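Have a look at the picture first, then follow my notes.

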Amino acid sequence: RVLAREDGERDLTDLRHVGQALHQARTEGYAGVSSLVQWLQHRRAEAAGDIDEERSRRLDSDAKAVQVMTIWRAKGLQFPVVYAPFLWDRHVGNASEAMQLHDEHDERVLDVGGPDGPGYSDRRDRAFAEEAGEALRTAYVALTRARSQVVTYWAPTANTPGSPLHRLIFADPAADSELADGELSDGQLPDKVKVPDEDRARQRLNELAEASNGRISVEDASGGTSTRLAPPSEERIELSVREFDRALDTAWRRTSYTGITSGLHEASGAVTAVSEPETPGTTDEPVERPDVELDEPSGLDAVVSPMAGLPSGAAFGTLVHSVLERTDFTAPDLAAALEEAAKAEDSTRFAGTPPAELAQALQPCLRTSLGPIAGGRRLIDISKSDRLDELEFELPLVGGDVPTGEAQVREIAALVRRHLAPGDPLEGYANDLDVPLIANRGLRGYLAGSIDAVLRVRAEDGAPRYLVVDYKTNWLGRGEALTAHDYRPDALVREMRRAHYPLQALLYSVALHRYLRWRQPGYDPDVHLGGVLYLFLRGMCGAETPVAADTGAPYGVFTWRPPTALTAELSDLLHRGAL
């Protein structure tokens, strides 16, 4: 069916290639159709940078290609034209210590007796004769593969006497027509034939050509001319180093939120709080715990963080992200699901944290309300079908490969300043961005990142709303003490601005905005963009988590809904540059 189509052979070759690759993946441990589909999706996504030869597209047919193969591999095959360039070349050396031959009972044997063994000379002659016969059979295979033309070569060398082509052409049948007992030799050829002089060789070859009725032609491979090596010219060419005369666009790069804000933390002397690297994955934990002045907790604020006893650091933050990504929050046995994910990520690598202990500490986080922005839902209320983990994106900045304009960080700051109204928790963030160190930093190339999760919730009118979620494991306490008070609203705002998470939130909102434009029917950013949730997990203490009186947001949960006009205009700025 496939071959009957136009370019069917091409299609069938591709199908076989993909099928064989999937089969190999299956044998290497990928189980089930869904697993193989995911494997194939990853291979397609990595195709541009995969240089493995197996990923290269196979030829649909090699019928028109020049194929180089051994004579034995060609046995049974046919080709329009065959070149057999080495039938004149066969080295016949001395017998080795071990010889393969057929004995008097016509059985294949390996003779290891050596020159001192009885009957050695007879066995040596038999072995040489069998090798000579095998050379003739090999030549027969080579000379009978062509459908239209076979081209072979002859040359007078020290290896020529025992070669099959030379014996076929120059042996004298009359000299060996009878054996010693008077019986006919049945066309046997001598194992070696003396190489004639040039005139005799040309005469014999011409006789073969004349007797073939035009089927054989003899040509001189040298072309009848010779070229003498001429001395080098007296004229010398002066060499010089090639000059680099192109201008490098040093502002063009593949960047990310961390790339845009790089240097700010070091310049201020603050502890670095890294978030999203340019490759998928997350490291959002400060290397050290910050030493800040905080009010003393009291009342409900003093509830101890369920993650107070767990390690800190960037690597541990990555572990928590991976465990949450693996876990179905709506699993009937949430503790078992979290523990299984922690085992899969080998949580014991981090200060010997047992999987059961990590699972126990994460459960209250998943049972904490996400606040009014999510309609009071908790993570355990969000099904897998309404949650998209690790949404990777790569957005062209001002033309991508071919820059069409220019954008700078100061223009992002201007947009933030214009759109954030008084009373917005991040109202002053524009001043944090509009600083000499990065204000003039250009944005050209590509913006890459990975959103920890996108949640889909339903509004009262039934319309879907999408929330950008970023998990944070930052330690905001003093010393070893850690309570919900450390993650109260003003502390979260301070940490958001210190680590420049508002810029990250805006860039992620732009990525989601562009994602939904292509996928959400009737997309309206005022309806479908629900805002961002920065979940500081160490401050999410389950049902005991205090709630801010003015916003209704639980401690540890930073909620922000950037104006949709800000998101849309930032998307346009990154796409077209400053107008």
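I began with the largest cavity, to which S9 gives the most lining, with 3 residues. Helices (H or I, at least four residues) and strands (E, at least two) are DSSP runs, numbered from the N terminus. A note on the source: this is a predicted model, where local features need pLDDT of at least 70, side-chain atom pairs count only at pLDDT 80 or more, and totals for chains, interfaces and linings use all residues. Residues are numbered from 1 along each chain as its sequence is written, and side-chain values use heavy atoms, leaving out hydrogens and water.

**Entry 1: cavities**

Rolling a probe the size of a water molecule over the atoms shows where empty space is left. I worked on a 1 Å grid over the protein atoms alone: a cavity is a set of points where a 1.4 Å probe fits but cannot get out, a pocket is an open set with protein on both sides within 12 Å along at least five of seven lines, and lining residues have an atom within 4 Å of a point. Grid points are joined across faces, edges and corners, and a volume is the space filled by probe spheres set on the points.

How many cavities of 30 Å³ or more are there? I noted 3 of them. The largest cavity holds about 70 Å³ of space. Its lining includes Tyr-466, Val-468, Leu-529, Arg-561 and Thr-567. I found that strand S8 (464-472), helix H15 (501-519), strand S9 (529-536) and helix H17 (564-576) each supply at least two residues of this lining. I sorted the lining into 5 nonpolar, 5 polar and 1 charged; here Ala, Val, Leu, Ile, Met, Phe, Trp, Tyr, Cys and Pro count as nonpolar, Asp, Glu, Lys and Arg as charged, and the others, Gly among them, as polar.

The second largest cavity has a volume of about 50 Å³. Among the residues that line it are Arg-253, Thr-255, Ile-260 and Arg-444. Strand S5 (252-255) and helix H6 (257-260) are the elements that give two or more residues to this lining. By class I count 2 nonpolar, 3 polar and 3 charged residues there.

**Entry 2: the largest pocket**

I then turned to the largest pocket, with about 1200 Å³ of space. Which of its 30 lining residues lie nearest its centre? They are Thr-152, Tyr-153, Ser-217, Val-218 and Glu-219. Strand S4 (146-152), helix H4 (164-170) and helix H5 (198-210) each supply at least two lining residues. The classes here are 19 nonpolar, 5 polar and 6 charged.

**Entry 3: helix pairs**

Two packed helices are described by the angle between their axes and the distance between the axes. Axes are lines fitted to C-alpha atoms, for helices over the stretch in contact, and angles run from 0 to 180 degrees between N-to-C directions.

I saw that the axes of helix H11 (residues 409-419) and H17 come within 10 Å and cross at roughly 160°. H11 and H17 are therefore roughly antiparallel (over 145 degrees). Their contact (heavy atoms within 4.5 Å) involves residues including Ile-412 and Leu-415 of H11 and Leu-566 and Leu-570 of H17. This contact has 7 nonpolar, 1 polar and 3 charged residues.

Helix H1 (residues 8-27) and helix H2 (residues 33-45) pack at about 120°, with their axes 10 Å apart. Val-18, Ala-21, Leu-22, Ala-25 and Arg-26 in H1 meet Leu-36, Trp-39 and Leu-40 in H2.

Methods: Angles under 35 degrees count as roughly parallel, over 145 as roughly antiparallel, 65 to 115 as roughly perpendicular and the rest as oblique.
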